[in-house]
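Me: Hi! Could you walk me through this two-chain model, one question at a time?

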Amino acid sequence: PKDKALIVDTTGLDKDALDDMEAIFGNGEEYDWALQIEEDEEEREREEQ
Amino acid sequence: DAAVKNPGKRRRKKDDIDLEDEIDEQIATLKVAMEKACVADNEAREKGQPAVHKLKLLPQVTALLNRTAIQDSVLDPETNFLQSIKYFLEPLNDGSLPAYSIQRDIFTALAKLPINKDSLLSSGIGKVVLFYTRSKRPEAGIKRIAERLLGEWSRPILKRTDDYKK
């Protein structure tokens with residue numbers, strides 16, 4: 001359930017609206033590095049248990 | 001097509017100019033301090049020390065955000081105070097989130113502000129709010145506010161598409 005948080009449904013949007021959405025909320029990759037650290041830590045915790 | 005901006009939007013009364021300049025200056029000074037605090041907190045983390053610099057500034061930051069009389073200055077895309085707010089909310093270099101009280105106080109204040117598209121575009125604050133909806137680290141109450149903001153901020157953009165279709 002990694003991407004359950006894709007709250008905003010962008011299907012059927014025109015290009016201007018899509019561009020605005022991306023300019024405002026990013027392409028979803030801006031903080032991927034932090035989410036990756038989060039996942040790695042969870043993995044480690046699971047292994048330790 | 002974005003050429004039709006609204007130059008007179010921030011029309012000021014002459015008497016208010018001094019006060020507004022003063023507030024702009026106050027915001028500019030705080031912005032510099034906030035950015036330094038973000039760097040200092042990251043350095044502290046790397047040395048294994050507690051990150052307290054942002055926390056120390058938090059009362060000043062929330063005081064400005066919560067002063068309704070100066071909302072125009074706070075939300076002005078040129079002053080771009082919201083960009084510094086974005087830095088405050090960003091995860092630190094080790095992936096950890098800023099202190100809970102920072103998250104709580106700032107998200108609570110953001111929820112009360114009438115943030116428009118221009119300040120969203122110039123600040124990039126929507127990106128960090130999106131991150132809070134995706135990360136598992138924030139507490140449920142914070143995530144709820146983040147999700148609500150995401151909905152509120154995207155609604156006018158999504159709605160515009162609907163309007164065109166009609």
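This is a predicted model: local features need pLDDT of at least 70, side-chain atom pairs count only at pLDDT 80 or more; totals for chains, interfaces and linings use all residues.

Me: How many helices does chain B have?
Reply: Helices (H or I, at least four residues) and strands (E, at least two) are DSSP runs, numbered from the N terminus. From that terminus on, the elements of chain B run α-α-α-α-α-α-α-α. There are 0 strands in chain B, and the number of helices is 8.

Me: What share of the 166 residues of chain B is buried?
Reply: A residue is buried if 20 or more other C-beta atoms lie within 10 Å of its own, exposed if 12 or fewer, and partly exposed in between, with C-beta atoms placed from the backbone. For the 166 residues of chain B, the buried share is 31%.

Me: Are H1(B) and H4(B) roughly parallel or roughly antiparallel?
Reply: The axes (lines fitted to C-alpha atoms, for helices over the stretch in contact, with angles from 0 to 180 degrees between N-to-C directions) of H1(B), residues 16–46, and H4(B), residues 81–89, come within 10 Å and cross at roughly 20°. Angles under 35 degrees count as roughly parallel, over 145 as roughly antiparallel, 65 to 115 as roughly perpendicular and the rest as oblique. H1(B) and H4(B) are therefore roughly parallel.

Me: Which residues of H4(B) meet H1(B)?
Reply: Contact here means that two C-beta atoms, placed from the backbone, lie within 7 Å. H1(B) brings Ile27(B), Lys31(B), Met34(B), Glu35(B) and Cys38(B), and from H4(B) come Phe81(B), Ser84(B), Tyr87(B) and Phe88(B).

Me: What is the phi of Asn80(B)?
Reply: Asn80(B) sits in the loop between helix H3 (71–75) and H4 of chain B. It counts as partly exposed because it has 19 C-beta neighbours inside 10 Å. Its phi is positive, in a residue other than glycine, and near 55°.

Me: Which element gives the most to the side of chain B that touches chain A?
Reply: The contact takes 18 residues from chain A and 23 residues from chain B. Helices H6 (117–123), H7 (125–134) and H8 (140–165) of chain B each give two or more residues to that side. With 10 residues, the one that gives the most is H8(B).

Me: Within what arc do the buried residues of H1(A) fall?
Reply: In H1(A), residues 15–25, the buried residues are Ala17(A), Asp20(A), Ile24(A) and Phe25(A). They line one face of the helix, so the arc, taken from the directions from the helix axis to the C-beta atoms, in which they fall is 100°. On the other side of H1(A), the exposed residues are Lys15(A) and Asp19(A). To return to the value asked for, the arc is 100°.

Me: Which residues of chain B does Ala34(A) touch?
Reply: Ala34(A) lies in helix H2 (residues 32–48) of chain A. It is buried, with 21 other C-beta atoms within 10 Å. Not counting residues up to four places away in sequence, Ala34(A) touches Pro91(B), Gly95(B), Phe131(B) and Ser135(B).

How values were computed:
Residues are numbered from 1 along each chain as its sequence is written. Chains are lettered from A and ligands numbered from 1 in the order in which they are written.
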